[in-house]
Amino acid sequence: MPFGGEAWLLTGYAEIKQFLADPRFSSLKATAPDTARVTPLPLRPGNLLTMDPPDHTRIRRVVAKAFTMRRVEQLRDRIRDVVDKQLDLLVAQGPPADLVASLAVPLPVVMISELFGIPYADREQFRRYADVFVATTAYDAVEIDRSRTALEQYFQELLEQRRSCPTDDLVSTLLEAMDTERLTPLETARTGIGILMAGHETSLSMISNSCFLLLSHRALYAQLVAEPLLLPTAVEELLRYIPLRSTGSFPRRATEDVELGGVLIRKGETVIFQRASADRDERVFTCPEKIDLTRRPNPHLGFGHGAHHCLGASLARCELSLAIEGLIRRFPNLRLAVPDGEVPWKPGLIARCPAHLEVTW
């Protein structure tokens, strides 16, 4: 691995699903400095991504209140409003336009900021922190460490503000977790940052990648324009087909000897997995390399599995669905403004994502 030595690379649907559900693989122990990994620094302990049960279970139960299906349905109209506003700006600007800057970035930033109650004036600063936070080689260890610390300080200040002036946003929910679960302000801040990063960066990348895929396979976009009722299955297929990460997963370390996929993984060894290999496993998916917008069933692992299954899965699905719905409804003739091979991609980040996506209509 680029940092920390050697690790097992796990592939295959059944093997990855078993791994994700196995409590003998610890996320917390993978925060040790000597853990094999793709990032210059391991994740810091004390947030949901790096907690193990039972601590993870207790904290997740409190935070999950903000991401229920009912709560997401309450947000649906607001998400649609944000999409329409951004598409209005796109129309006003005229072609060609950058779909990443016009839609894929603003939508998740607005939604996750409103969920957390992040002031509008702070959103650009938060975006800069986020870019550094998810780097593999785009920034060095000193810059990443500085950004993480600044983000933790910023989040602790938000907690102090909510303590004196409570609201019904997610920061106030985290304050409840801090009090009932006896978390320190730093642990609470790190938990919030983990959710913030997951809700922002992955949604941004997924919307960007989905737009690129649909427009670089133009017949798929035309299919959705002609048959918009396919959108629910299309979203699941995009989640299955698109390899969101440019690298393997975050690492976990075995807490005892474990046999997995016919291989003995010894206590202390590190395992990462390649999710795309699971979601294109021909033992589970018929013609896995084909993009089938009608595919059913579609038991992909796009949101993980087991204790760490993505808390914001419903919100991410809703944002992606409404973003595409807005595009096919208002821009039936949308197409790439440059050959797909000339679309620039962001280098050196955990998630793979176009840097810009110039479109015309």
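Student: What covers the buried residues of α10?
Tutor: The cover includes α9 (185-216), α11 (231-241) and α13 (313-330), where contact means heavy atoms within 4.5 Å and buried means under 20% relative accessible area, exposed over 50% and partly exposed in between (1.4 Å probe, protein chains only). Helices (H or I, at least four residues) and strands (E, at least two) are DSSP runs numbered from the N terminus. This is a predicted model, in which local features need pLDDT of at least 70 and side-chain atom pairs count only at pLDDT 80 or more, while totals for chains, interfaces and linings use all residues. Residues are numbered from 1 along each chain as its sequence is written, and side-chain values use heavy atoms, without hydrogens and water.

Student: Which residues of α10 are buried?
Tutor: In α10 (residues 218-226) they are Leu220, Tyr221 and Leu224. They lie on the same side of α10 because their arc around the axis, taken from the directions to the C-beta atoms, is only 100 degrees. Ala219 and Ala226, on the other side of α10, are exposed.

Student: New topic: how many aromatic pairs are there?
Tutor: The count is 6, with rings of Phe, Tyr and Trp (its six-membered ring) pairing if their centres lie within 6.5 Å, and planes under 30 degrees apart called stacked, over 60 edge-to-face and the rest tilted. One of them is Tyr13 with Phe285, edge-to-face at 5.9 Å centre to centre and 75 degrees between the planes.

Student: Where do Tyr13 and Phe285 lie?
Tutor: Tyr13 is in helix α1 (residues 13-21) and Phe285 in the loop between α12 (275-279) and α13, so the pair ties together parts 272 residues apart in sequence. Both Tyr13 and Phe285 are buried.
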